[in-house]
Amino acid sequence: MSLPSQHSTRLEQPGAEIMVPVTRFWERYGRLALGVLAGLAVVGAVVYFSLRSRQAAEEAAAGKLAEASLYYWQGDYQRSLQLAREAAERYGSTPSGLDAHRQAADAAYWGGDFKTAVAEYRRYLAKNPSGLLADAAHRSLAYALESDRQYLDATREYEALVGHFDRGSSAEFLLAAARCLTAANQPREALARLQRLVNEFGETEYANQARIELAELQAARPGSATP
């Protein structure tokens, strides 16, 4: 073999040795890698368009909810209820769509439709069971239940809220629970709530009213002892 050909062989051989495993790797895993990259691109596109779609839905729900709120403050409760329910039905997966249930409940309550108010508050609470807004919704639900003469359910809601707000509110809830129990013809249970109010929240503005009602109930039940 001539010297030039030997020199050429020595120069080409190292490169060939490097390229062989690279080629084999590409033949074995190249399509898989391309598939993975394509899959990631698809996932990225889906996430992007999903986020854009959610944002658009939230904006639409917020707009309709704002319109419902405007009618509510203008005293047009029926129109407010209609718009809020539309927002809840069409955009229920968005934050504003969820809040639309609470807006619908408020509008129904002040429009005198207590059963609808109860149903909408419960729909809201089913998806938002805890937190400050949930406590406020439970409070409204309790008043709606009482207005609908569902006195025992209202009592449970009132009592569950004791301790969630300030002391004055807790006293108010116990007084309301006693009121519901009296309406449900359960004076003994009503006495127990009034006595608890006096014992635990005696410094609040509701305590004097509780003492008066406590005395009245005891007088109406001769021989009854203070619970």
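R179 counts as partly exposed, at 38% relative accessibility (buried means under 20% relative accessible area, exposed over 50%, and partly exposed in between, with a 1.4 Å probe and protein chains only). This is a predicted model, in which local features need pLDDT of at least 70 and side-chain atom pairs count only at pLDDT 80 or more, while totals for chains, interfaces and linings use all residues. Residues are numbered from 1 along each chain as its sequence is written, and side-chain values use heavy atoms, with hydrogens and water left out.

**View 1. The salt bridge between R179 and E146**. The two side chains meet at 2.6 Å, N to O, a salt bridge being a side-chain nitrogen of Lys or Arg within 4 Å of a carboxyl oxygen of Asp or Glu. Because R179 lies in helix α7 (residues 167-183) and E146 in helix α5 (residues 132-147), the pair ties together parts that are 33 residues apart in sequence; helices are DSSP runs (H or I, at least four residues) numbered from the N terminus. E146 is buried, with a relative accessible area of 15%.

**View 2. R193 with E159** **and with E189**. The closest N and O atoms of E159 and R193 are 2.7 Å apart. E159 lies in helix α6 (residues 151-160) and R193 in helix α8 (residues 187-200), so this pair ties together parts that are 34 residues apart in sequence. R193 also meets E189 in a salt bridge of 2.5 Å, N to O, and these two residues both lie in helix α8, four residues apart, about one turn of the helix. R193 counts as buried at 15% relative accessibility, whereas E159 is partly exposed at 25% and E189 is partly exposed at 33%.

**View 3. A network of salt bridges linking R85, E120 and R123**. A search of the whole structure finds 13 salt bridges.
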